[in-house]
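Please examine the structure shown here.

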Amino acid sequence: MQFKTLYPPIDKNFSDYIKVDDTHEIYYEESGNPEGFPVVFLHGGPGCGCDENSRRYFDPKFYRIIIFDQRGSGRSKPKVELKDNDTWHIIEDMEKIRKKLNIEKWLVFGGSWGSTLSLCYAIKHPQRVEALILRGIFLGRREDINWIYKKGGASKIYPESFEKFENLVADDKRDDLIGQYYKMLTSKDIEIRNEAAKRWSEWEGSIVQIDYDKGASEQFLDYDFAASMATIECHFWVNNMFWDDDNFILNNTNIIEDIPTTIVHGRYDMDCPVEQAYLLSKKLKKVDLRISPMSGHSSSEEENVHSLVDATDKFRDMRS
């Protein structure tokens with residue numbers, strides 16, 4: 001089988017900031033065809049931000065590609081800001097960007113936490129979503145969070161990496177690793193913050209893909225990336241995604257069940273077990289579930305790249 005790969009690198013058409021409240025300025029950009037079909041790329045984390053590769057899942061001749069860095073992430077300002085940084089405010093930011101760009105409806109594309117945000121956005125604004133393309137489904141339930149950050153989940157597959165993660169916390173406080181890390185990540189002591197961000201990011205980086213990738217692993221050790229991802233992720237997990245219902249997505253799929261949805265998920269995803277994708281797929285009427293048989297969580301893995309690019313190409317072909 002000939003795998004599809006990312007489209008060649010392209011430059012952005014323009015970039016700008018939108019001031020969404022008294023605190024936050026959100027970086028956004030457009031690339032591809034200014035008259036093309038609009039697609040919005042939602043990055044993971046939360047806290048990871050976008051990069052040049054975020055543009056490359058889409059045929060630039062067909063798509064008007066919209067990318068933005070969520071609150072506290074990437075190039076948005078201020079960096080690693082937690083005030084009013086939650087699921088619902090980010091959804092409001094998406095709406096402000098959509099209106100500013102005079103977009104009626106768009107294709108929503110998101111992976112990992114980006115899949116969570118995509119689903120929440122679609123539940124809140126189904127009339128604005130033409131279709132969903134999602135990778136590495138994260139339903140955001142307490143059990144999904146605990147799988148990653150509590151002993152007994154991914155720790156059973158990567159015990160040596162988890163040991164380094166939990167060793168930063170005193171033995172008698174390890175029942176609440178997330179809470180203890182939150183204290184460290186928001187400490188006034190920069191050395192405490194730095195070490196906590198490094199350990200958190202290193203742990204997550206160790207479980208996202210099957211084959212070791214030095215470049216991908218080094219990204220997780222970059223301080224700016226680690227501080228943003230670790231602090232903002234922990235902020236969301238401590239606050240239960242800012243949901244009143246732990247099962248918010250699955251309990252509201254009736255709103256989005258008729259939106260065409262493609263789900264790409266690695267069979268050996270140790271960050272977000274494939275059961276989450278399967279449970280979601282059973283709730284949707286117009287769904288294409290693609291399980292990558294030899295892949296993990298990472299969007300850079302060959303099978304996952306192929307299925308994502310193929311999904312955007314098929315949407316293009318249906319619309320051309």
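Asp69 touches Ile26, Tyr27, His43, Gly49, Cys50, Gly74, Arg75 and Ser76, leaving aside residues up to four places away in sequence; contact means heavy atoms within 4.5 Å. The model is predicted: local features need pLDDT of at least 70 and side-chain atom pairs count only at pLDDT 80 or more, while totals for chains, interfaces and linings use all residues. Residues are numbered from 1 along each chain as its sequence is written, and side-chain values use heavy atoms, with hydrogens and water left out.

- Asp69 is located in the loop between strand E4 (63–68) and helix H1 (87–100); helices (H or I, at least four residues) and strands (E, at least two) are DSSP runs, numbered from the N terminus.
- The relative accessible area of Asp69 is 0%, so this residue is buried; buried means under 20% relative accessible area, exposed over 50%, and partly exposed in between (1.4 Å probe, protein chains only).
- A polar atom of the Asp69 side chain lies 2.7 Å from the backbone nitrogen of Arg75.

**Salt bridges**

- The structure holds 26 salt bridges, each a side-chain nitrogen of Lys or Arg within 4 Å of a carboxyl oxygen of Asp or Glu.
- One of them joins the side chains of Asp310 and Lys4 (2.9 Å, N to O).
- Asp310 belongs to helix H10 (residues 302–319) and Lys4 to the segment before strand E1 (12–19), so this pair ties together parts that are 306 residues apart in sequence.
- Asp310 counts as buried because its relative accessibility is 12%, whereas Lys4, with a relative accessible area of 29%, is partly exposed.
- Arg55 and Glu29 also meet through their side chains in a salt bridge (2.6 Å, N to O).
- This pair links distant parts of the chain, 26 residues apart: Arg55 is in the loop between strand E3 (37–42) and E4, and Glu29 is in strand E2 (residues 25–32).
- Arg55 and Glu29 are both buried.
- A further salt bridge connects the side chains of Arg141 and Asp144 (2.8 Å, N to O), and both of these residues are buried.

**Nonpolar cores**

- In soluble globular proteins, nonpolar side chains tend to be buried together.
- The largest nonpolar core has 71 residues, of which Phe68, Tyr149, Tyr181, Trp200, Trp203, Trp237 and Leu280 touch the most other members; such a core is a set of buried Ala, Val, Leu, Ile, Met, Phe, Trp, Tyr and Cys residues joined through side-chain atoms within 4.5 Å.
- Helix H8 (residues 223–238) supplies the largest share of this core, nine residues.
- Another core, of 21 residues, lies apart from it and includes Phe37, Ala131, Leu308 and Val309.
- The residues that Trp237 touches include Gly45, Phe138, Tyr149 and Trp200.

**The sheet**

- Eight strands form an open sheet with mixed pairing, in the order E1-E2-E4-E3-E5-E6-E7-E8; two strands pair if DSSP finds at least two bridges between them.
- E1 and strand E8 (287–292) are the edge strands, each pairing on one side only.
- Strand E5 (residues 106–111) pairs with strand E6 (residues 129–135) in the parallel sense over six bridges.
- Leu107 has Ala131 as its bridge partner in E6.

Conventions:
Polar contact = N/O pair within 3.5 Å; in protein donor to acceptor, adjacent residues only side chain to side chain.
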